[in-house]
Amino acid sequence: MEKIKRPTWDEYFMEMAELTAKRSTCMRRSVGAVIVKDKRAIATGYNGAPKGIRHCEDRGGCLRQKLGVPSGQRHELCMALHAEQNAIIQAASMGHAIEGGTIYITHQPCGICAKMIVNAGIKRIVVRDGYPDDLALEILEEAGLTVEKLPKEADETKKDLKPEPQAQPVKPE
């Protein structure tokens, strides 16, 4: 009898983040996040406009795109909250403690989200893809956090990332 192939915990929660990203309303990039503690999903978030605020699509397009703002810059011009921000807010509004937890994000956090992750007390960050924000990596490094990149597995074999030797720090692209 062939052994059942199960995803590692990292793959399982990253797949949840990828599913969550499908709810995104951002016209530039769909991002999802899942905050986990003790192998339990505590909160999820995706990038999109705040409650009750029209999405960019309903406003005739993305302001940053119209102004030619490069990715990773001038976040204050964006109508959306980031996935990490929404996950942290969701946890807070539901009364769930996330200190000491892990956040799985489809993309490396920006500088603003990096600062929120640090202050929320999240201890592990696992991402699928990078993001053009070197300052975010500096902030996280100074706070003693490493961004681990979980590669997509093409051959169906799963590898469990650990914060020690197997961690693959994200390098600026």
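**Entry 1: the count.** I looked for salt bridges, meaning a side-chain nitrogen of Lys or Arg within 4 Å of a carboxyl oxygen of Asp or Glu. By that rule I get five salt bridges.

**Entry 2: what I'm working with.** This is a predicted model, where local features need pLDDT of at least 70 and side-chain atom pairs count only at pLDDT 80 or more, while totals for chains, interfaces and linings use all residues. Residues are numbered from 1 along each chain as its sequence is written, and side-chain values use heavy atoms, with hydrogens and water left out.

**Entry 3: R128.** Which side chain does R128 meet at 3.3 Å, N to O? I found E11 there, in a salt bridge with R128. R128 lies in strand 4 (residues 124-129) and E11 in helix 1 (residues 9-21), so this pair ties together parts that are 117 residues apart in sequence. For the record, helices (H or I, at least four residues) and strands (E, at least two) are DSSP runs, numbered from the N terminus.

I also found R128 in a salt bridge with E18, at 2.8 Å from N to O. E18 is in helix 1 and R128 in strand 4, so here the parts tied together are 110 residues apart in sequence.

Next I checked burial, where buried means under 20% relative accessible area, exposed over 50%, and partly exposed in between (1.4 Å probe, protein chains only). R128 and E11 are both buried, with R128 at a relative accessible area of 5%. E18 has 23%, so I put it down as partly exposed.

**Entry 4: R124 and E148.** I then turned to E148, which forms a salt bridge with R124, the closest N and O atoms being 2.9 Å apart. The two sit in distant parts of the chain, E148 in strand 5 (residues 147-149) and R124 in strand 4, 24 residues apart. Buried or exposed? E148 counts as buried at 2% relative accessibility, and R124 is buried too, at 13%. Salt bridges that share partners join D10, R124 and E148 into one network.

**Entry 5: the loop.** Last, I looked up D38, which lies in the loop between strand 1 (32-37) and strand 2 (40-46). Its phi is near 55°, a positive value in a residue other than glycine. D38 is exposed, with a relative accessible area of 67%. K39 lies in the loop between strand 1 and strand 2, and the phi of K39 is near 60°, also positive in a non-glycine residue. At 47% relative accessibility, K39 counts as partly exposed.
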